[in-house]
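Morning, everyone. Please look at the structure on the screen, and I will go through a few parts of it in turn.

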Amino acid sequence: MSAASSRPIATGRSAAGMPTGRLAVWWIIASEIVIFGGLLGSYIMHRLAHDAFAEQAAHTNTWIGAFNTFVLLTSSLSAVLTHKAADHGDGKKAARFLYYTMGGGLVFLVVKAFEWTTEIQAGYTLASNTFWSFYYTAAGIHAAHVLAGVIIMGFVAHTAKRQLEMQRVELIGLYWHFVDVVWIFLFPLLYIAK
Amino acid sequence: MADHAAHDHAHEAHGEHTHHPDYVKIWGVLLVLLVISVAGPFLEIQVITLITAFGIAIVKAYLVVKNFMHINVAAKLVTYLVLTMLLFMLLFFAGTAPDVMESHGSNWEKPDWIAGTAHPPAAGHEESH
Amino acid sequence: MVVKHADHAHEHGDHHAEQGWVSKYLFSTDHKIICFQYMFTGMALAIVAGFFSYVFRMQMAFPGVPVPGWGLVTPADYNMLVTNHGAIMIFWVAMPVLIAAFGNYLIPLMIGADDMVFPKINRLSYQIFLLSVVVLFISFFVDGGGFAGAWTMYPPLMAKAEYSLTGTGSSVFLLAIALEFVAFLLGGINFVTTAMNARAPGMKLYDIPIVVWMIVIASILFMASVGPLIAGAVMMLFDQQLGTAFFDPNRGGDPILWQHLFWFFGHPEVYVVLLPAIGITAEIITVFSRKKLFAYKTVLNTAIGTGILSFTVWAHHQFIAGIDPRMANIFTITTLIISIPIAEMMFVYIATLYGGSITLNTPMLWALGFIGTFLIGGVTGIFLGASGADIYLHDTYFVLAHFHYTFFPIAIIGTYAGLTYWFPKMFGKEMNDTLGKIHFWGTFIAFNCIFIPLFFTGMLGDHRRIFDYTNFPELTTPMLENLRAFATISLVVMLGFQLVFFYNFVTSLLWGKKADVNPWRANTLEWTTASPPPHGNWAELPTVYRGPYEYSVPGRKDDFWPQDAKS
């Protein structure tokens, strides 16, 4: 038999009324909320206290930000559709939609790379001033989470294609939606509120 | 496979996911909201910008969390967990902001221009503190 | 999921595949082995941090005299030793032993599960933890030496190499801490999910032993509080290495922001380590007074209440840092309030002991020692929580004595209590009780002799983190010097007594009397399987019929009633 037989009986229990994997991912999301919350809270404090911040924020490119928001929202759609496919037991379809989601993540990262290159060349670097420090740090930590999500999705798709470990499709989807929600807040904070 | 059976069992026990909302429609709503939030600043009224930017962000986040993450179907515990974490963040903000947002004390000041510059200003400026 | 397998046979049913020594012990996914990995790593680091305390205390007591085993202590040495003593004790001793080791061992066994729900992530969390230890050690050997700016890492000292003089060491130290946080976040997911989901049939929420609840609540507290500090650590690392100015006031940053980010985590952190120790105490006092816990739900609710309140008190560490005085008022009130639920817990413990049939063996002595010393720690905290008194007492040895009267019961007494109590189960042998008692009294009395004098030296003006007091004539009086020397000699005595424990531990392990399945006649599920438990814990997983504290139930022949006994 496969890895499932070396899995403890404990993993299959659900005394809390939820499958273990889903419970675990929500706990992970909870701890991520406070990581991003701490960072964004610090940013908001600076932003509200210094009008000079707003002047700097005018230099971010709202169109690129909006495009990236569109990309992530669409990848969230494919992420939930892959969950629906996995729910109906269709591993191949789930894998396909996971690849679309990964594609969305990669587009996001490539666009961001171009965006940052332009901004750095224009002189707005990580150390330029506090606004840009927060900008690159927050978007950078977010981008790292996008990349991690893409990588994990690759592994999940690989096994889902062979109809194995299908519950993981939902789990990585949950994580992906959370990453999307963080961006939903990052977008107005970094691009719009001028 | 033992795991698969346990997984199906958990599903049957709660009858979840037999109902999937129209995800494409929700995506459409999200995109419309995105357009509104981008358009908002063009009206150049600050209150409207704030509402379209952050109010819509909250609505979008709610739509994703409810419809894509199925938080209403997961145990109530999850909703409480997420709300508690958000509450802690508010607490952090409330306890820290009075200090970080303060621009002067009895012996110091933090001028506004500082946040926008790369280096401290020339010597003449500093004497004014 | 692609995970490294040391041995392919491992994959297909650990029950029947033969495991080589490497995969059985070094790369194990068995929660019991992972417990030992964390425990022995933590204990090894305790020796390192204990040695550091010996060196800097010798410097305090006999300034300028070369310390045997180290040599002359320079100011830079001193700062590095003090910093790393604190950081190691909290992050690499208290947390791994109390949460990771005891949590790993006890949670599956006490809830009737065969392992944690994610054994491979469990293993990964230890591996990341071990990596953090390696990175920490590397920090001692880089150019400039180990970080020396206090475990609280305040900027600008931490952020700027020209102040700290340990440019590389500071960043490496921060990396070690970041890795340690990741390890505990991963571990915490396992603990919380396992305890919530993998309970034996019949084990309702209020049938869970208190120590399991405590470790779970502690894990939740950690997960909820460490986030802002992780954000802050990234910001600090960027300040150190990439020229940002998050905490540089010259360029728009704010050093107080770091303090808030740190202490927002730092205060719940002390409850993170406290709760497991309190839980261990609950298990021991019920067994050795043959009485049910006086008020289970009260203990549980006060633990949860303390946990939530712990998020509202953090700035009491910053009373004189220049925070808004109106906030100081608020934090004083919340800090004084938080003493109430913990006191309530202590009262419940005392009520549990009252009228019980007490056995004063080694684990019980440690548990009672915990209650007594922690009470002193808690009470002295009240002085510090009042911002007015704190204006004088902050950064004096009074604070230091206060937190050692809390941390020592937590990390040292709690650990010894748990170790001496669960040793028979963990290793299948009995520890020598006489040696245990000698170890207890030697440690306990010496501990008090170290820190009671330090309350007084603190009140008389001894400032923390000062390498020597020759520049402070009012602090070089004979009385103060004698008190400091007395504290130091007591430390040496206390460290010496730990040899008794090590001797007892090793000889019991190798040649001790074989332990029964249930030598203490306790109720909880771990005592229903072999000592030590086999892989998978039980051949047939238990079902639970009652709570964990049914001792001396009237009308029953035995004075204990195991949770899984049908009648």
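A crossing of two helices is left-handed if the near helix is turned anticlockwise from the far one by less than a right angle, and right-handed if clockwise. Helices here are DSSP runs of H or I with at least four residues, strands are runs of E with at least two, and both are numbered from the N terminus.

First, the conventions. This is a predicted model, where local features need pLDDT of at least 70, side-chain atom pairs count only at pLDDT 80 or more, and totals for chains, interfaces and linings use all residues. Residues are numbered from 1 along each chain as its sequence is written, while chains are lettered from A and ligands numbered from 1 in the order in which they are written.

The pLDDT is the predictor's confidence in each residue, from 0 to 100. Chain C has a mean pLDDT of 93, with 97% of its residues at 70 or more. Residues 1-16 of chain C fall below 50. For the model, ipTM is 0.93 and pTM is 0.92.

Now the helix pair. In chain C, the axes of α2 (residues 31-61) and α4 (residues 119-141) come within 10 Å and cross at roughly 15°. Axes are lines fitted to C-alpha atoms, for helices over the stretch in contact, with angles from 0 to 180 degrees between N-to-C directions. That angle makes α2(C) roughly parallel to α4(C); the cut-offs are under 35 degrees for roughly parallel, over 145 for roughly antiparallel, 65 to 115 for roughly perpendicular, and oblique for the rest. The crossing of α2(C) past α4(C) is left-handed.

Next, the neighbouring chain. How many residues of chain C are in contact with chain A? There are 43, and they meet 33 residues of chain A; contact means that C-beta atoms, placed from the backbone, lie within 7 Å. On the side of chain C that touches chain A, α7(C) gives the most, with 10 residues.

Last, some backbone details. Most residues other than glycine have a negative phi, and most peptide bonds are trans. Met153(C) is not a glycine, yet its phi is positive, about 55°. Met153(C) sits in the loop between α4 and α5 of chain C, and counts as buried because it has 24 C-beta neighbours inside 10 Å. Buried takes 20 or more other C-beta atoms within 10 Å, exposed 12 or fewer, and partly exposed lies in between. In that loop we also find Pro156(C), joined to Pro155(C) by a cis peptide bond with omega about -5°.

Technical notes: Two residues are in contact if their C-beta atoms, placed from the backbone, lie within 7 Å.
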